[in-house]
Amino acid sequence: GYVIFSHVRVPMEHMFSRYSQVTPEGDYIAAPPKLSKLRYISMMQARMAIIQLAYSSLAKAVTIAVRYSAVRKQGFVDSNNPAAGECAVLDYQMQQYRLAKALGLAYAILWNTRYIRDFLMRVQGEIQGGNEAAADDLPELHATLSGLKATTTVRAHEAIEECRKCCGGQGFLLASGIAKMSANFSEWVTVEGEQVILSLQLARFLTKAVNDAEDEAPLAPSVRYIGRDDIVTFDWPDEASLLPEALKLLEQRSRWLAKRMKG
């Protein structure tokens, strides 16, 4: 939005001037370069709130769809013995697959929401406390929020609609609570940044990280894997070491994709 003032004088002592100032002579004193992205902190907070909304909306849709699928009966357990009763929709593997994907995505968004919330609060708190060195994390914070906002809203929107479809005809009833969730959530895919533009902002950050790695410059903590040259070999491990090995494979794939994107 915007606001226009006409013939309004704002006293200097009423101006927001924590990091940038205007002198009585009319000279503008800019904030330190490393604090330039701090002006976008309200936008970052809005994106964080939207990521939280993606989780809560998807979690609600999954809860409705799973509960419905657990009580809705369709198809006999034994077609030759109707007395054996009917199957719950949730007994079907395809229904389990569709809902398990949405449920897993909801948990993934939840944990990422907690991570980015703590990240934002830490950086903002340290800067406001006078630690300007914390501003070095602002580019990483901005890129991470851009990528998460784009990814979580698009994927959550698709999953909410899938959950509605899993409810069959009942998914169209307003009484179900899920009928309008997909339509109502669609605006958040665009609000505070459309997914293509935000994805390009993240891509620019990753491309810079590839350049920094080639120049042996320091990398942000979340992209330090780009600077490694080790090749991951994968032997199917025991269950306890599966997750760390899988993360190494994802890091290797991300490293290759980032370098390929740079060209």
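The paragraphs below go through the nonpolar cores, the charged pairs and the rings of this predicted model. Residues are numbered from 1 along each chain as its sequence is written, and side-chain values use heavy atoms, with hydrogens and water left out. Because the model is predicted, local features need pLDDT of at least 70 and side-chain atom pairs count only at pLDDT 80 or more, while totals for chains, interfaces and linings use all residues.

The interior comes first. In soluble globular proteins, nonpolar side chains tend to be buried together. A nonpolar core is here a set of buried Ala, Val, Leu, Ile, Met, Phe, Trp, Tyr and Cys residues joined through side-chain atoms within 4.5 Å. Buried means under 20% relative accessible area, exposed over 50%, and partly exposed in between (1.4 Å probe, protein chains only). Which residues of the largest nonpolar core touch the most other members? They are Leu 58, Ile 127, Leu 138, Leu 141 and Cys 163, out of 37 residues in that core. At least two residues of this core come from each of α1 (41-71), α2, α3 and α4 (181-185). Helices are DSSP runs (H or I, at least four residues), as are strands (E, at least two), and they are numbered from the N terminus. Apart from this core lies another, of 10 residues, including Phe 205, Leu 206, Val 223 and Ile 226.

Leaving aside neighbours within four places in sequence, Cys 163 is in contact (heavy atoms within 4.5 Å) with Ala 61, Val 62, Ala 65, Leu 99, Ala 102 and Ile 178. Gln 124, in helix α2, is also buried, at 18% relative accessibility. Residues up to four places away in sequence not counted, Gln 124 touches Ile 41 and Gln 45.

Charged residues are next. Side chains of opposite charge can pair when their charged atoms come close. A salt bridge is a side-chain nitrogen of Lys or Arg within 4 Å of a carboxyl oxygen of Asp or Glu, and the count comes to 8 salt bridges. In one of them, the closest N and O atoms of Glu 162 and Arg 98 are 2.6 Å apart. Glu 162 lies in helix α3 (residues 138-166) and Arg 98 in helix α2, so this pair ties together parts that are 64 residues apart in sequence. Glu 162 is partly exposed at 26%, and Arg 98 is partly exposed at 22%.

Arg 122 and Glu 126 meet at 3.9 Å, N to O; both lie in helix α2, 4 residues apart, about one turn of the helix. Together with Asp 137 they are linked in a network of salt bridges. Asp 212 and Lys 208 meet at 3.0 Å, and both lie in helix α5 (residues 195-214), again 4 residues apart. Asp 212 is buried, with a relative accessible area of 18%.

Last come the rings. Rings of Phe, Tyr and Trp (its six-membered ring) pair if their centres lie within 6.5 Å; planes under 30 degrees apart count as stacked, over 60 as edge-to-face and the rest as tilted. The whole structure holds 1 aromatic pair. Tyr 115 and Phe 119 form this tilted pair, 6.0 Å centre to centre with 55° between the planes. Both lie in helix α2 (residues 93-128), 4 residues apart. Tyr 115 is partly exposed at 42%, whereas Phe 119 is buried at 7%.
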